[in-house]
Structure formats: C-alpha cells, structure tokens
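These are my notebook entries on one chain, written down in the order in which I looked things up. I begin with a single residue and then widen the view.

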Amino acid sequence: MARRPALRTELLLNLAFLAAVALLLAVVSVLLLNQVAPDRVRPFVLVVVGLDVGIFLVFGHYLVTRLVLRPMRRVTDAADAVVAGDLSARAADAETREFAQLGEALNRMTDYLLDARGQVVRAEKLASVGRVAAGIAHEVGNPLGAIGTYVEVLRGRGTDPEVLDGIRAEIGRIDRIVRGLLDYARPGEAAMLPVHPAEIARSAFALLESQGALKSVAARCDVSADVPVIAARAHVLQQAIVNLVLNAVDAAPGGSVIIAARRWQWRPHDPAPKRLTDPASANFRRTPTARPTRRELVPGATGALVLVADSGPGVPVEERERIFEPFVTTKAPGRGTGLGLAIVARAVEDMDGVIWVDTAREGGAAFKMFFPAAGGAA
C-alpha cells in the first residue's frame, strides 16, 4: 500500500494553514485600515473576525467531510453490504492512512469470510461425496465384479472379442470413476515432511519425458534455485503436478507446456510474477489477479509457487471458480470424468496450499499452486 498521510496530520496542517492565512489577512487589513481610516478599525476587526469564523466553519466542514465523513460512509456502506450477504463488496481506497488501513482490514475480513464459507461448503461437499462414494463402491463394486466374470464366460464361449473389449473398457471406466470419488473424499493420511518443490517439479518433468508423454508438445521446466522448502507429501505433490501437466498436454496438442517453480511472496491481488526466461524488456500484460484466500496465509508470507501453463484454449473466466469441483470438466464428453482437478485441489488444500487458475502468457491456462515455506522460513 502506498504511503499516505495520517488523518491527524492532514487535519492539523490544513487547519493551521487556514488559521495562519486568516490571521495574516486580518493583520494586514488592520494595519492598512489603521493608516487610512483609524476610526473604522474596531468595526472592521469585528467584520474580519466574523468572516474568519465563517470561512473556518465552511473550510472545516469541507475538511471533515472529505477526510472523515465520506471515507467513513464508504467503509460503513461496504460493511453493511457484507452484513447483508454481499461478500463481493469491498471498501474503496482512502486518502489518509487510518481509513486506508481500516478499509484494507475490512476487505481482508471479507476475504476471510469468503474463505471460511468456501471451506464450510467444501467440507459439506466432501461429507456428501464421501457418503455417496462409499455407497457406490459397495453397491456398484460387486455388480461390476460379476459383470467382469460374465464377460470372461462369454469370451470362452466365442463371443465377438471386439464387443467384449468394449464392455471391459466401460467397466474399467466405471471403476476409475468410483476410485476417483473415493480418492476425492478420502483425506490425506501420510505425514507432511519438508520437501523441495523444485526437485519434485524436475522429477515430475523427467518422469513424463521418459514416458514419452511430452512428445506432442514443446515442454520445458523453468525452476529457480532459491525455491524454499515446504511441508508437503512428496508423492502427492508429484502426482498433482503430473495430472496438471497431462491436462495441459491434452489441452495444447502441438503447442507449449511449461512447468515452473520459484520463491514467491503471497499477495492475493498482485500481478503474476516474472519468469526466469522472460527478457528484461518483456512487455507481457501483468494485471492484478484475485486469488483464493486462506486464513492461515498472511499477505507477504514467503513460500513456493509451482505452476503448469499451456498454450491451449484456456479456462473461461466464468468457469474458474467451478473448475475444481467434482464432475466439472472442459473436455469433450467421454474424454474426462471431471474428477482430476477436484482431486488435485483437494490434495493441495490438504497440504495447506492454495490452487487457482489464471490466463497463461502462452494464451492458455496457468494452474498455480502456492505453499507456505516450512517453519515460516524467510
């Protein structure tokens, strides 16, 4: 926040300036009148005092309205809107330090309320999905096993292999959906340990490269050397990066995909950070972005930013809040279950991180994960 003058200083300086100017004008006027018409000095002094008092009241009213009443009205209007349920309301900026800090505190509180409401909604969804997943796993699992057995019987009786392979493929798809639901609903159980996100990003990139998963795109790994250690589950973080990269490859065939990790300070509304490979004169559009909030994350907290960006079609702005919900997908029907990003988001949140999606500089989507440094390391 830019440095602003204190309210007390502004009022005192303006009122002192007004008093000094009024006193100077009165003294000059009395001296001049005393030389020209000494017998009229006393009534003139009374008139000057009356004018000074009037000007003082008018200017004082203007100052109090501009520096106190108007900013206070803006803050109370924003607070009333929040109380009425409009959590998108924000206090406007102010000229003086005190009201700017008050507005920022109110906006922070509103962000925390949004976060708390989001966590409650997510908890309710997880509980519902967990109950549904457990029921589906029990009620669907046994019939699926029986269908698989009947398929093998039909195969032994010479049924068309192509038909049987199609049935088995659909059985596998149902099984993956059920397992995905269980993975989404099941909380992380392994202990979180200090890990190096830069090394995990490199290992995920090397794994996908060795498997040939990156052949259809121009992929690169952009990792800085000063990424701090974070508390996480290494295999879960690696799997989250792998899932995001595979989604990026699907979204940008023949395009570019970037995996990046860097040291970063959490700023919920700051522009996107510059990459290591960006030239010094880069003129890309760096606009402030509203990111999810977490009550545990203090603005300015140091941590690691891990991102996966692509040059695909991107995620529409209206879908960015829903993209991490179960069964929401931008893929063509039959190509995705809509659980991949939901599972990634659940894993990131379980590791005390934040995930969101922006527009990538390559034109597609940039999925970003931020994790605070382990032990509050600077």
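Which residues does Thr65 touch, not counting residues up to four places away in sequence? I found that Thr65 touches Arg70 and Pro71, where contact means heavy atoms within 4.5 Å. Thr65 lies in helix 2, residues 41-83, and I noted that Thr65 counts as buried because its relative accessibility is 16%. Buried means under 20% relative accessible area, exposed means over 50%, and partly exposed is in between, with a 1.4 Å probe and protein chains only.

**Entry: what I am looking at**

I wrote down that this is a predicted model, in which local features need pLDDT of at least 70 and side-chain atom pairs count only at pLDDT 80 or more, while totals for chains, interfaces and linings use all residues. Residues are numbered from 1 along each chain as its sequence is written, and side-chain values use heavy atoms, with hydrogens and water left out.

**Entry: the chain as a whole**

I counted seven helices and seven strands in the chain; these are DSSP runs numbered from the N terminus, helices being H or I with at least four residues and strands E with at least two. Along the sequence, the elements come in the pattern α-α-α-α-β-α-β-β-α-β-β-α-β-β. The chain has 378 residues, of which 36% count as buried. I also looked up contacts between residues at least 6 apart in sequence, and 74% of them join residues at least 24 apart. The accessible surface comes to about 21200 Å², and 60% of that belongs to carbon and sulfur atoms; such areas come from the Shrake-Rupley method with a 1.4 Å probe, and for residues only the protein chains shown count as cover.

**Entry: helix 6**

Helix 6 covers residues 234-251, which is 18 residues, and reaches 26 Å from its first C-alpha to its last, close to the 26 Å expected at 1.5 Å a residue. The expected span is 1.5 Å times one less than the number of residues. I listed its buried residues, among them Leu237, Ile241, Leu244 and Val249. The buried residues of helix 6 pack against several elements, including helix 5 (197-210), strand 4 (256-265) and strand 7 (365-372).

**Entry: aromatic pairs**

A pair of aromatic rings is described by the distance of the centres and the angle of the planes. Rings of Phe, Tyr and Trp (its six-membered ring) pair if their centres lie within 6.5 Å; planes under 30 degrees apart count as stacked, over 60 as edge-to-face and the rest as tilted. By this rule I have six aromatic pairs. One of them is stacked, because the rings of Trp264 and Trp356 have centres 6.2 Å apart and planes at 25°. Trp264 lies in strand 4 and Trp356 in strand 6 (residues 354-359), so this pair ties together parts that are 92 residues apart in sequence. Both Trp264 and Trp356 are buried.

The pair of Phe324 and Phe367 is edge-to-face, because the ring centres are 6.0 Å apart and the planes are at 85°. Phe324 lies in the loop between strand 5 and helix 7, and Phe367 in strand 7, so the pair ties together parts that are 43 residues apart in sequence. Phe324 is buried, with a relative accessible area of 14%, and Phe367 counts as buried at 8% relative accessibility. I also noted that ring pairs link Trp264, Trp266, Trp356 and Phe370 into a cluster.

**Entry: salt bridges**

How many salt bridges does the structure hold? I have nine salt bridges on my page, each being a side-chain nitrogen of Lys or Arg within 4 Å of a carboxyl oxygen of Asp or Glu. Arg155 and Asp165 meet in one of them, at 3.4 Å from N to O. Arg155 lies in helix 3 (residues 97-156) and Asp165 in helix 4 (residues 161-185), so the pair ties together parts that are 10 residues apart in sequence. Arg155 is partly exposed, with a relative accessible area of 32%, and Asp165 counts as partly exposed at 42% relative accessibility. Glu152, Arg155, Asp165 and Arg168 are linked in a network of salt bridges.

Asp358 forms a salt bridge with Lys368, the closest N and O atoms being 3.1 Å apart. Here Asp358 is in strand 6 and Lys368 in strand 7, 10 residues apart, and both Asp358 and Lys368 are buried.
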